[in-house]
Amino acid sequence: MSDSAITYTLYIQADPSRVWQALTDPALTRRYWGLSFETDWSVGSAMDWVERGTRTSDPGQLVLGCVPDRLLSYTWHTFSPQWAAAVGIDEELRSELAQEPRTKVTYEIEPVGDTLARLTIRHEGFVPGGTLIGMCGRAWPMLASSLKTLLETGAPLPEPQHETSQGAGGYEAHESRGTREG
């Protein structure tokens with residue numbers, strides 16, 4: 001992780017087409033991520049994020065790159081009040097997130113021999129030391145591990161239980177924001 005990007009690489013015992021399917025098929029993304037994307041995956045197409053019964057739509061949520069079984073890139077979602085309510089984020093934190101610039105995620109999938117795929121996740125464009133990079137930096141390892149576990153075993157990791165007001169999906173990692181200097 002740099003001060004403005006997160007890069008995470010993992011090896012998955014699955015072929016690239018299966019990894020691609022896990023990144024783009026709503027039935028699979030719901031299993032390991034708890035959300036789905038509604039889009040046709042064409043470059044320039046809009047993406048709706050559907051999480052916990054809430055749809056997040058915004059003209060800035062776009063597919064940026066798409067080469068099946070090799071590369072997928074899109075802008076990160078909009079921090080709407082509806083999204084925040086659905087995932088248990090308070091208005092103060094949502095407002096803080098909404099003030100940061102929109103970020104971008106890129107997945108690169110590469111075959112490794114006959115039975116493995118290397119998946120590199122790059123999430124970039126963060127404000128150095130900002131709120132979002134801290135939250136995403138803690139969320140991506142669990143998310144990527146759950147994707148890997150789903151593809152290798154048929155079941156995702158169990159969702160951690162959250163007893164905080166920060167919600168799920170790594171947002172609980174933001175609890176330390178009150179101790180951050182700045």
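The notes below are grouped by topic.

The model is predicted: local features need pLDDT of at least 70, side-chain atom pairs count only at pLDDT 80 or more, and totals for chains, interfaces and linings use all residues. Residues are numbered from 1 along each chain as its sequence is written, and side-chain values use heavy atoms, with hydrogens and water left out.

**Cavity**
- The count is one cavity of 30 Å³ or more; a cavity is a set of points on a 1 Å grid over the protein atoms alone where a 1.4 Å probe fits but cannot get out.
- The largest cavity holds about 40 Å³ of space, a volume being the space filled by probe spheres set on the points.
- Its lining (residues with an atom within 4 Å of a point) consists of Leu23, Tyr32, Trp33, Tyr107, Ile121, Trp140, Leu143, Ala144 and Leu147.
- Those residues divide into nine nonpolar, no polar and no charged; Ala, Val, Leu, Ile, Met, Phe, Trp, Tyr, Cys and Pro count as nonpolar, Asp, Glu, Lys and Arg as charged, and the others, Gly among them, as polar.
- Helix H5 (residues 131-153) contributes the most to this lining, with four residues; helices (H or I, at least four residues) and strands (E, at least two) are DSSP runs, numbered from the N terminus.

**Aromatic contacts**
- The whole structure has 15 aromatic pairs, meaning rings of Phe, Tyr and Trp (its six-membered ring) with centres within 6.5 Å; planes under 30 degrees apart count as stacked, over 60 as edge-to-face and the rest as tilted.
- Trp49 and Tyr74 make an edge-to-face pair, 5.9 Å centre to centre with 80° between the planes.
- Trp49 is in strand S3 (residues 48-51) and Tyr74 in strand S6 (residues 71-75), so this pair ties together parts 25 residues apart in sequence.
- Both Trp49 and Tyr74 are buried (under 20% relative accessible area; exposed is over 50%, partly exposed in between, with a 1.4 Å probe and protein chains only).
- One aromatic cluster includes Trp49, Tyr74, Tyr32, Trp33, Tyr107 and Trp140.

**Cysteines**
- Zero disulfides are found, a disulfide being a pair of cysteine sulfur atoms within 2.5 Å.
- Cys66 is partly exposed at 23% relative accessibility, while Cys136 is buried at 7%.

**Salt bridges**
- There are nine salt bridges (a side-chain nitrogen of Lys or Arg within 4 Å of a carboxyl oxygen of Asp or Glu).
- Glu159 pairs with Arg52, the closest N and O atoms being 3.4 Å apart.
- This pair links distant parts of the chain, 107 residues apart: Glu159 lies in the segment after H5, Arg52 in the loop between S3 and strand S4 (54-56).

Conventions:
On a 1 Å grid over the protein atoms alone, a cavity is a set of points where a 1.4 Å probe fits but cannot get out, and a pocket is an open set with protein on both sides within 12 Å along at least five of seven lines; lining residues have an atom within 4 Å of a point.
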